[in-house]
Amino acid sequence: MESHTQFDRLLAEGLAASGAGRADEALGLFAQACDADPASGIPHFLMGSEHASLGHFAEAESAFANAVLLSPAFPLARYQLGLLQFSSQRAAMALLTWQPLLDLPESDALLHFVRGLSALARNAFEAALGHFRTGLACEPSNPALCGDIRQLVDAVEKLERSAGDSADHSQATHVLLSAYGGRLH
């Protein structure tokens, strides 16, 4: 019981440090939480989120991968791992990482966001927009994630308006991914 209380305290203190912009302290607290409960994927996920917000994408990917290994049914960790892979031009790997998310219920926004990103990888912009909008209508519990998807929708819509049919879609996809990939939550 004591270790679980310590685990919860370390997570809470780490989240507070992260919210206050003290990334090194947050990372240290999350590492301690990993030691307090080695079977939990949560502190690894939080470390991944912290690293991603700092632009340390290799460290973020490693932490998200650990979270998925320890908690394979943690959909947000799997989504974020795939998103890092996707935004670093490894769409095939991301699609493999996301495969279990395709079994989520239709009411889950992550299912539709993954479908949208998959369509985006194929330059199927209209299909991507449809999936993103469906996901946003699911009212997911992660406002930051929804904000990122709304930005992606705006970028795709702007691209469609300005470029029309003559667009170089591979360059367009790169622009969209770079705009989205830099803000992972």
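Of the chain's 185 residues, 44% count as buried, where buried means under 20% relative accessible area, exposed means over 50% and partly exposed covers what is in between (1.4 Å probe, protein chains only). This is a predicted model, so local features need pLDDT of at least 70 and side-chain atom pairs count only at pLDDT 80 or more, while totals for chains, interfaces and linings use all residues. Residues are numbered from 1 along each chain as its sequence is written, and side-chain values use heavy atoms, with hydrogens and water left out.

The chain exposes about 9,100 Å², and carbon and sulfur atoms supply 57% of that; the areas come from the Shrake-Rupley method with a 1.4 Å probe, and for residues only the protein chains shown count as cover. As for secondary structure, there are 10 helices and zero strands, which reads α-α-α-α-α-α-α-α-α-α along the sequence. Helices here are DSSP runs of H or I with at least four residues, strands are E runs of at least two, and both are numbered from the N terminus. Among contacts (heavy atoms within 4.5 Å) with a separation of 6 or more, 49% join residues 24 or more positions apart.

Now for the helix pairs. Two packed helices are described by the angle between their axes and the distance between the axes. The axes are lines fitted to C-alpha atoms, for helices over the stretch in contact, and angles run from 0 to 180 degrees between N-to-C directions.

| Helix pair | Angle | Axis distance |
|---|---|---|
| α2 (residues 23–36) and α3 (residues 42–54) | about 160° | 9 Å |
| α5 (residues 75–87) and α6 (residues 91–98) | roughly 170° | within 7 Å |

The α2 and α3 angle makes the two roughly antiparallel; the label takes angles over 145 degrees, with under 35 as roughly parallel, 65 to 115 as roughly perpendicular and the rest as oblique. α2 passes α3 in a left-handed crossing, meaning that the near helix is turned anticlockwise from the far one by less than a right angle (clockwise would be right-handed). On the α2 side, the contact is made by Ala23, Ala26, Leu27, Phe30, Ala31, Ala33 and Cys34, and α3 brings Pro43, His44, Leu46, Met47, Glu50, His51 and Leu54. Sorted by class, that is 11 nonpolar, two polar and one charged residues. Ala, Val, Leu, Ile, Met, Phe, Trp, Tyr, Cys and Pro count as nonpolar, Asp, Glu, Lys and Arg as charged, and the others, Gly among them, as polar.

α5 is likewise roughly antiparallel to α6. Here Arg78, Tyr79, Leu81, Gly82, Leu83, Gln85 and Phe86 in α5 meet Ala91, Met93, Ala94, Thr97 and Trp98 in α6. The class tally for this contact is eight nonpolar, three polar and one charged residues.

Back in α3, His44 is buried, at 14% relative accessible area. Setting aside neighbours within four places in sequence, His44 is in contact with Cys34, Ala63, Phe64, Asn66, Ala67 and Leu70.

Not counting residues up to four places away in sequence, Ala63 touches His44, Phe45, Met47 and Gly48.
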